[in-house]
Amino acid sequence: MKRLEVKDDGKVLGFGDVMLRLTPFNHQKIIQANSFEATYSGGEANVICSLSMFDHDTKFLTKVPNNPLGEKVIKDLNSFGICTKDVTKGEGRLGIYFLEQGNGLRNSKVTYDRKYSAISLAKKDEFEIEEILKDVKLVHMSGINPALSEELKGLTLEIAKEAKKRDIVVSYDSNYRSKLWSLEDAGRFMLDILPFVDIAFLGILDFKNILKYEISESKKFEDSLSDLYKKLFEKYPNLQYASCTKRKVNSVSNNSLQGFLFDGENLSKSKVYTFDILDRVGGGDSYTAGILHGLLNKMKNDDVVEFATCASSLKHSIQGDINLVSLEDVETLMNLGIENIKR
């Protein structure tokens, strides 16, 4: 069975933006709200925080404003045991996003306020890439940072290239955000970075909308996904794994989820988990962290995707973006299912 080719020692590095999330209380809309719950998070940071909860040695790379908000981000990352020695401080502000949590037939809605954020103003020469990568065995990035500026496009690509020179595993999540860049821009960048990626998080919509692959409407989901992954691996022989989820929205407050993992030959899948939702944001990041945890720990592929799907399912019961569950929590759901009370 195929295993991830990764160094025995080193940290898992995340590179990305961290934002202030402001959420109206009690499912209110922004126009109703006079007070908000404040939390700090970001796609890549969510993954690294979750991996820290799973006992991995981690660190994070970003740029924050040189003010108390930047200090708060660093303090929160440190509270998870994440190394922040490479975090840069400087001009700019902390990006904000407002989350209106849906209810009934009303969907959740995100409103961004991130222009002139510190990370979007960052320059490549603010980061000593060779020094940053010295103690790293895997780096996780996504399509969010390169969507923020031309400078970050170049920096993300350079980190991936330098990582490959050092036999560091590169994990990349498409994480497409339509409010940040176009499908065409995302597609061009995807083509640039995929030759340096070991683990790709891409779903059928990414193949269709970003990579412009033809999708067979007559095939079952699993067959279509397997065919797409095979084509991708033929074009990019550097790839070791690819993964995604299939989500069924039963209602705003109830979803079903299934995970898939491809190793170049075989497609593994999890059971389908159906759950009520307290907070959906971060569900994808928790799945990503679960896949990375399983691969880093050389679990069997079937167990990797089962672990990741369980981790993501549990995240939907956690308020905030970050998956505050332990290894024991995930393994209990995997092996025993739901217990009435844990005693």
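Predicted model: local features only at pLDDT ≥ 70, side-chain atom pairs only at ≥ 80, totals over all residues.
**Close-up 1. Salt bridge between Lys11 and Asp57.** The side chains of Lys11 and Asp57 meet at 3.0 Å, N to O. Lys11 lies in strand E1 (residues 11-15) and Asp57 in the loop between H1 and E4, so the pair ties together parts that are 46 residues apart in sequence. Lys11 counts as buried at 16% relative accessibility, whereas Asp57, at 41%, counts as partly exposed.

**Close-up 2. Salt bridge between Lys85 and Asp86.** The closest N and O atoms of this pair are 3.5 Å apart. Lys85 is exposed, with a relative accessible area of 52%, while Asp86 counts as buried at 14%. Through shared partners, salt bridges join Lys59, Lys85, Asp86 and Asp135 into one network.

**Close-up 3. Aromatic pair of Phe54 and Phe307.** A search of the whole structure finds 11 aromatic pairs. The ring centres of Phe54 and Phe307 are 5.2 Å apart and their planes stand at 70°, so the pair is edge-to-face. Because Phe54 lies in the loop between helix H1 (43-53) and strand E4 (58-61) and Phe307 in helix H9 (residues 301-315), the pair ties together parts that are 253 residues apart in sequence. Both Phe54 and Phe307 are buried.

Key. Residues numbered from 1 in each chain as written. Heavy atoms only, no water. Phe/Tyr/Trp six-rings, centres within 6.5 Å; stacked < 30°, edge-to-face > 60°. Helix = DSSP H or I, 4+ residues; strand = E, 2+ residues; numbered from the N terminus. Buried < 20%, exposed > 50% of the residue type's maximum accessible area, 1.4 Å probe, protein only. Salt bridge = Lys/Arg side-chain N within 4 Å of Asp/Glu carboxyl O.
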